[in-house]
Amino acid sequence: MTLLEVAAKNALRNKFRTTMTILGGAVAVLAFVLIRTIIVAWNKGVDYAAKDRLATRDKVSMVISLPKHYIDDVRTKIPGVKAASYLSWAGAKWPKDPNVFFANMAADENVFDLYPEMEISPDAIERWHHDKQGAIVGAALAHKLGWKVGDKVVLAGSIYPGDWQYTIDGIYGAPPQTALDQSSFFFHWSYLNDGVKAGMKDKIGWIVTRVDDPSKSAAVTAAIDKLFDDQDTQTTTMSEHAMNQGFLGGASAILAALGIVSIIIMVIMMLILGNTIAMAVRERTSEYGVLRALGFQPGHVRLFVIGEALTVSLLAGLVGLGLSYPFIEFGMGRWLEENMGNFFPAVHVSPVTAATAFAATLVLGGLASLLPAIQAGRLQVTDALRRIA
Amino acid sequence: MIPIAYNLRNLRARKTTTAAAALGLALVVFVFATARMLTHGIDKAMHQASDPSVAIVLRKGASAELESGIEVPKISIIGTAPGVAAFPNGRQQVVGELVAVVLLDKVGVEGGFSNAQVRGISDDSIAFRPTVKIIEGRAATPGTDEVVIGRAIRGRFKGLELDATFDLSKNRPMKVVGIFADGGSAYESEIWADVDRVRATFGRGTIVSSVRVRLDSPAAFDGFAAALDANRQLDVSAMREETFLLKSSQGTSIFLSAMGFMIAFFFSIGAMIGAMITMHATIAQRQREIGTLRALGFTRFQVLTSFLFESILLSLIGGAIGAAASLLMSTQEISTMNWATFAEIVFKFEPSVGIIVSAMVAAALMGILGGFWPAIRAARINPVQAMRGA
């Protein structure tokens with residue numbers, strides 16, 4: 001039996017206390033992983049933004065539309081543009097439950113060429129192209145509202161009043177490593193344009209552009225904005241990365257607060273663990289005295305204490321991660337994707353988060369045992385043997 | 001009854017354990033209370049502005065001011081509906097306002113930008129909201145490029161400072177001539193400019209986003225709303241301002257409340273387990289003491305209550321430290337995006353007596369739950385065995 005094994009066995013001597021400590025640690029790890037996963041998912045839109053995609057919108061406000069002819073100018077007059085498309089925010093509601101929020105956008109015919117990471121069958125796009133009132137919807141949204149391909153759907157307009165009727169022609173998915181929102185609803189811009197009042201016709205919300213070479217995107221950005229600089233409606237073009245950052249950055253203060261909370265929770269775990277170890281050491285004072293009297297060095301005693309703490313934190317980390325995976329993958333993650341897909345397009349426990357949680361547990365467990373370990377190592381044999389716990 | 005001094009002395013005798021357990025609890029209560037203060041702060045910002053006798057009119061189908069559009073001539077028609085109150089000067093208490101968001105550069109973040117909400121206000125808008133006070137500078141002159149800005153948004157974006165200017169559209173600088181306050185409401189995160197000026201900038205033709213009316217009494221709402229509904233030409237619907245504000249803050253506050261609840265939940269479990277371990281260890285160490293207490297004639301029930309009391313005391317000490325620390329947060333301001341308007345909103349960690357009391361109650365509860373089982377164990381100790389040695 002090695003000394004480390006003895007240390008590990010020591011942890012099992014007070015089963016109740018060890019179980020509770022592991023449980024407490026595991027809950028802390030679970031909470032840490034949950035919070036970190038939310039932060040990671042939130043930042044995903046920024047981190048995974050396509051490098052070759054740009055968005056052009058009105059310079060002053062996103063509520064102002066661009067004239068439709070801007071798209072032709074971008075397509076023909078700007079060098080380095082591989083493809084360009086446009087979208088308009090419709091803001092319609094699902095009449096059966098107006099509180100359900102999802103992005104519904106009128107889009108140009110070629111819009112799916114701009115999003116090659118989107119998983120959608122060519123058949124579905126073909127169907128959509130031939131169906132004036134067709135719609136392509138995200139898998140999470142379809143699941144949430146129970147839509148299937150072929151279903152007839154009516155949305156109630158808000159910005160564009162009236163009832164808008166659609167047929168679901170296809171459902172798209174997205175690989176988990178992308179940040180594509182799976183709860184969007186795309187339909188034909190021409191359908192919207194035909195149905196709105198005279199003053200609202202031939203307007204587009206924003207232009208999406210893919211560039212040939214991502215390293216030239218700054219030049220393309222500048223070229224687009226310069227093109228419209230003398231027009232009545234000026235534009236701001238930014239990379240998808242910058243746009244997402246600006247949009248998601250609105251909540252950065254909240255995220256920072258969550259980050260702090262996740263650290264506090266680990267500190268609490270350390271306190272619980274440290275307390276347990278300190279108690280164990282206090283109880284075993286006379287035992288350590290005996291060990292020392294038998295010839296074990298202070299280093300050995302310290303090793304016992306630290307080894308015990310590491311065993312407990314290892315178990316706490318494992319149990320915590322074991323709880324986190326099912327909780328996030330089958331519970332909270334799917335809920336967030338369906339209900340807040342615009343902000344949390346893909347919620348998964350990242351390996352980095354899991355590894356961080358696990359490493360932090362071990363490191364903090366080790367740290368928590370340092371003080372008790374030093375105290376145990378300093379014990380005088382005679383004192384230890386004389387003292388009664 | 002076992003003297004309380006016994007429990008107090010014990011907590012003092014085991015200083016390190018007590019401190020660690022109390023600190024753990026303090027952190028839990030701190031996070032618990034700040035999470036609640038955050039939600040409360042947002043709620044306050046969102047609902048502060050609500051007046052029970054005010055109704056907001058939007059185009060049918062619209063649920064936010066940004067989505068809505070009402071033609072200007074309809075404003076006076078809405079004003080003739082039954083139940084609308086009048087200003088002392090006899091004018092109807094009706095204001096049509098145009099809401100938009102503008103992209104502005106943030107201060108302190110290199111290359112950072114965000115949306116700020118602009119409200120095009122009419123001549124009566126400030127008089128309509130008696131809680132709004134200009135705290136610095138002066139009110140803007142109607143029909144000019146002067147604006148007043150909310151206290152909370154001041155200094156957060158470039159150009160949003162008294163006497164500074166910012167561009168609403170190319171080569172048309174807007175001058176900030178005053179700062180207003182409204183008791184922490186969401187208006188404090190807005191820029192108020194002349195309605196015609198905003199309309200021109202945003203190419204909004206002859207429309208406003210919303211029409212607010214003050215009614216003679218909150219009870220007048222039903223009649224007012226029915227009258228608007230009956231007039232199909234208007235194509236608008238009325239909502240109580242309270243309901244409207246509640247709805248428009250739902251997304252943001254549901255998410256934050258859910259996060260706050262989740263955090264508080266896990267933290268409480270952690271703290272409870274911490275308290276349980278501590279109490280459990282205390283009792284294991286004090287077998288002999290407890291045996292003596294029982295031998296002296298204290299009943300099982302007395303031992304149980306004494307230990308439960310000790311656990312609650314420990315929790316309350318931790319809770320008080322945590323609650324006090326959380327109060328320090330109340331000076332902090334925090335901004336987030338209001339997902340209903342896509343604009344930034346600034347709010348405070350808003351403490352309330354209810355939050356502090358509930359945090360302390362939660363702490364006591366954790367003490368009871370954590371201490372109950374160990375206390376039962378203590379009560380079950382057989383005095384003879386315990387005194388013989390453990």
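Guide: B:Lys175 has a relative accessible area of 36% and therefore counts as partly exposed, since that class lies between the 20% limit for buried and the 50% limit for exposed. The model is a predicted one. The partner of B:Lys175 is B:Asp163, and their side chains form a salt bridge with N and O 3.7 Å apart. B:Asp163 is exposed, at 52%.

B:Glu333 meets B:Arg156 in a salt bridge whose closest N and O atoms are 3.9 Å apart. B:Glu333 is in strand 13 of chain B and B:Arg156 in the loop between strand 6 (146-150) and strand 7, so this link joins distant parts of the chain, 177 residues apart. Both ends count as partly exposed, B:Glu333 at 30% and B:Arg156 at 25%.

B:Asp124 and B:Arg91 form a salt bridge, with 3.0 Å between the closest N and O atoms. B:Asp124 lies in the loop between strand 4 and helix 4 (125-128) of chain B, and B:Arg91 in the loop between helix 3 (73-79) and strand 3, so the pair connects parts that are 33 residues apart in sequence. B:Asp124 is buried at 13% relative accessibility, whereas B:Arg91, at 43%, is partly exposed.

Over all chains, the count comes to 33 salt bridges.

One salt bridge crosses the interface of chain B and chain A. It is formed by the side chains of A:Lys93 and B:Glu67, 3.1 Å apart from N to O. Four residue pairs are in polar contact between the two chains. On the side of chain B that touches chain A, the elements that supply at least two residues each include helix 2 (15-47), strand 3 (94-105), strand 4 (113-121) and helix 8 (250-285) of chain B. Helix 8 of chain B gives the largest share, 18 residues. By class, this side of chain B holds 35 nonpolar, 17 polar and six charged residues. In all, 58 residues of chain B are in contact with 56 residues of chain A. The two chains bury about 4900 Å² between them, 74% of it on carbon and sulfur atoms.

Within chain A there is a further interface to consider. The chain is divided into domain 1 (3-45 + 251-386) and domain 2 (60-233). Domain 1 of chain A brings 10 residues to their contact, and domain 2 of chain A brings 12. The C-alpha centres of the two domains lie 47 Å apart. Together the domains bury about 940 Å², 47% of it on carbon and sulfur atoms. Helix 2 (15-47) and helix 11 (298-339) of chain A each give two or more residues to the domain 1 side, and the largest share, three residues, comes from helix 11 of chain A. The residues of that side divide into two nonpolar, five polar and three charged.

How values were computed. Residues are numbered from 1 along each chain as its sequence is written. Chains are lettered from A and ligands numbered from 1 in the order in which they are written. This is a predicted model: local features need pLDDT of at least 70, side-chain atom pairs count only at pLDDT 80 or more; totals for chains, interfaces and linings use all residues. Side-chain values use heavy atoms; hydrogens and water are left out. Domain bounds come from an automatic or database domain assignment. Contact means heavy atoms within 4.5 Å. Buried area is the accessible area (1.4 Å probe) that two parts lose on being put together, summed over both. Helices (H or I, at least four residues) and strands (E, at least two) are DSSP runs, numbered from the N terminus. Ala, Val, Leu, Ile, Met, Phe, Trp, Tyr, Cys and Pro count as nonpolar, Asp, Glu, Lys and Arg as charged, and the others, Gly among them, as polar. A salt bridge is a side-chain nitrogen of Lys or Arg within 4 Å of a carboxyl oxygen of Asp or Glu. A polar contact is a pair of N or O atoms within 3.5 Å; within protein, one must be able to donate a hydrogen and the other to accept it, and residues adjacent in sequence count only if both atoms are side-chain atoms. Buried means under 20% relative accessible area, exposed over 50%, partly exposed in between (1.4 Å probe, protein chains only).
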